[in-house]
Amino acid sequence: MIKNRNLINHYPYKMRMLLFVCIIGLGNITSGTAQELLNVLDQEYPDTPQYELATFKGSRISIGHSVENRRKGVLDIVHMQRYWNIPNATTQNFIADKLNARVALEYGITDRLTFGAGGSTLDGIFDSFLKYQLVRQRRDHKGFPLSITLFQNGSYKSKRITKGTEDWSDRLAFTTQLLMARKFSPNLSLQIAPTLIHRNTQLLEQDPQTQFAIGFGGRYKLDGHVAIVSEYYYVANPLESRTTYGAFALGVNWEVKNLLLQFQLTNARNMVEDAFITQTINNFNFEDGNFVFGANATVSIQLFNKKQKDTK
């Protein structure tokens with residue numbers, strides 16, 4: 001027993017060196033294996049972009065379009081109404097003197113492309129539009145800091161524009177917008193919209209056929225279902241034949257499952273871009289007392305099962 005103890009005590013330094021070499025070798029093997037595993041994971045699971053979702057909940061902030069598109073295969077049924085009174089009117093209806101209603105359908109052709117068409121009772125305006133999302137904001141701060149959507153609208157005014165002879169094409173108007181928005185936080189989103197509006201004929205000889213405007217809009221969420229929204233449109237070269245004002249809206253959006261309700265206090269009676277941006281004839285102030293109350297209701301319907309779409 002004493003002999004074996006002396007043998008063990010005779011080699012402590014060599015044993016420690018051998019153990020140290022084994023640990024170093026095992027560490028190198030483990031490190032190499034871990035690096036190989038990381039390389040395999042990088043190839044199989046690349047760095048996928050993380051995009052911001054729901055910069056605005058609906059396709060409209062309040063009275064104007066937002067950067068949002070419908071998902072592929074989703075159909076929106078949109079009903080919009082505007083109510084207002086006429087100052088010093090001799091007769092009044094039960095709710096309001098005047099009513100403008102618009103019914104439209106909007107469909108997501110792809111996740112980035114939306115088509116819509118509708119008709120309004122005021123002036124008998126029929127319109128259609130295309131929206132294409134050019135850029136999406138990334139939440140990982142590695143890509144473009146904004147979401148950008150191109151909006152193109154065309155409208156036909158069935159009511160006669162001038163007293164003279166006019167062709168059907170004279171009643172056409174076109175609106176082009178570059179919608180640029182950023183989601184600054186889960187609660188705050190802001191948008192700016194440079195706008196070009198062209199009519200095939202002037203309302204009167206002194207009026208411009210092409211007008212330039214810029215829109216500003218924002219949303220602040222109060223909770224998961226309710227948000228305060230506001231919009232304003234400034235026109236650089238307004239009409240000369242009449243006094244017009246920038247369209248303004250202040251409202252509340254309320255989301256209930258697949259239903260989005262939007263209520264707004266505004267001075268815009270029309271709901272099609274070329275009309276409400278450039279032809280709003282009443283101001284938004286408490287002195288005139290001639291506000292327009294608006295309500296939008298949008299129902300979203302998934303036309304086919306998403307799982308079936310993913311398997312095709």
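A cavity is a set of points, on a 1 Å grid over the protein atoms alone, where a 1.4 Å probe fits but cannot get out; lining residues have an atom within 4 Å of a point. This is a predicted model, in which local features need pLDDT of at least 70, side-chain atom pairs count only at pLDDT 80 or more, and totals for chains, interfaces and linings use all residues. Residues are numbered from 1 along each chain as its sequence is written, and side-chain values use heavy atoms, with hydrogens and water left out.

**View 1. The largest cavity and its lining.** The structure holds one cavity of 30 Å³ or more. The largest cavity has about 50 Å³ of space, a volume being the space filled by probe spheres set on grid points joined across faces, edges and corners. Its lining is made by Gly58, Ser59, Arg60, Val78, Leu260, Gln262, Asn296 and Thr298. Strands S11 (259-266) and S12 (292-302) each supply at least two of the lining residues. Strands here are DSSP runs (E, at least two residues), numbered from the N terminus. By class, two lining residues are nonpolar, five polar and one charged. Ala, Val, Leu, Ile, Met, Phe, Trp, Tyr, Cys and Pro count as nonpolar; Asp, Glu, Lys and Arg count as charged; the others, Gly among them, count as polar.

**View 2. A salt bridge between Asp127 and Arg102.** A salt bridge is a side-chain nitrogen of Lys or Arg within 4 Å of a carboxyl oxygen of Asp or Glu. By this rule the count comes to seven. In the pair shown, the closest N and O atoms of Asp127 and Arg102 are 2.8 Å apart. The pair links distant parts of the chain: Asp127 sits in strand S4 (residues 125-135) and Arg102 in strand S2 (residues 98-108), 25 residues apart. Asp127 is buried at 6% relative accessibility, and Arg102 is buried at 1%. Buried means under 20% relative accessible area, exposed over 50%, and partly exposed in between (1.4 Å probe, protein chains only).

**View 3. The salt-bridge network of Asp123, Lys157 and Lys159.** Lys157 bridges to Asp123, with the closest N and O atoms 3.8 Å apart. Lys157 lies in strand S5 (residues 147-157) and Asp123 in the loop between strand S3 (113-120) and S4, so the pair ties together parts 34 residues apart in sequence. Both Lys157 and Asp123 are buried. Asp123 also bridges to Lys159, at 3.7 Å between the closest N and O atoms. Lys159 is in the loop between S5 and strand S6 (172-183), so this pair ties together parts 36 residues apart in sequence.

**View 4. Positive phi at Asp123 and Lys257.** Most residues other than glycine have a negative phi. Asp123 has a positive phi of about 65°. Phi of Lys257 is near 55°. Lys257 lies in the loop between S10 and S11 and is exposed, with a relative accessible area of 78%.

**View 5. A nonpolar surface patch.** Phe184, Leu188, Leu190, Tyr220, Leu222, Ile228, Leu250 and Val252 make a patch of about 700 Å². Patch residues have over 30% relative accessible area and no salt bridge; nonpolar side chains (Val, Leu, Ile, Met, Phe, Trp, Tyr) are joined within 5 Å, and like charges within 9 Å. Areas come from the Shrake-Rupley method with a 1.4 Å probe. Strands S7 (188-199) and S10 (248-256) each supply at least two patch residues. Leu250, in strand S10, is partly exposed at 45% relative accessible area.

Terms used. Helix = DSSP H or I, 4+ residues; strand = E, 2+ residues; numbered from the N terminus. 1 Å grid on protein atoms, 1.4 Å probe; cavity = no way out; pocket = protein on both sides within 12 Å on 5 of 7 lines; lining within 4 Å.
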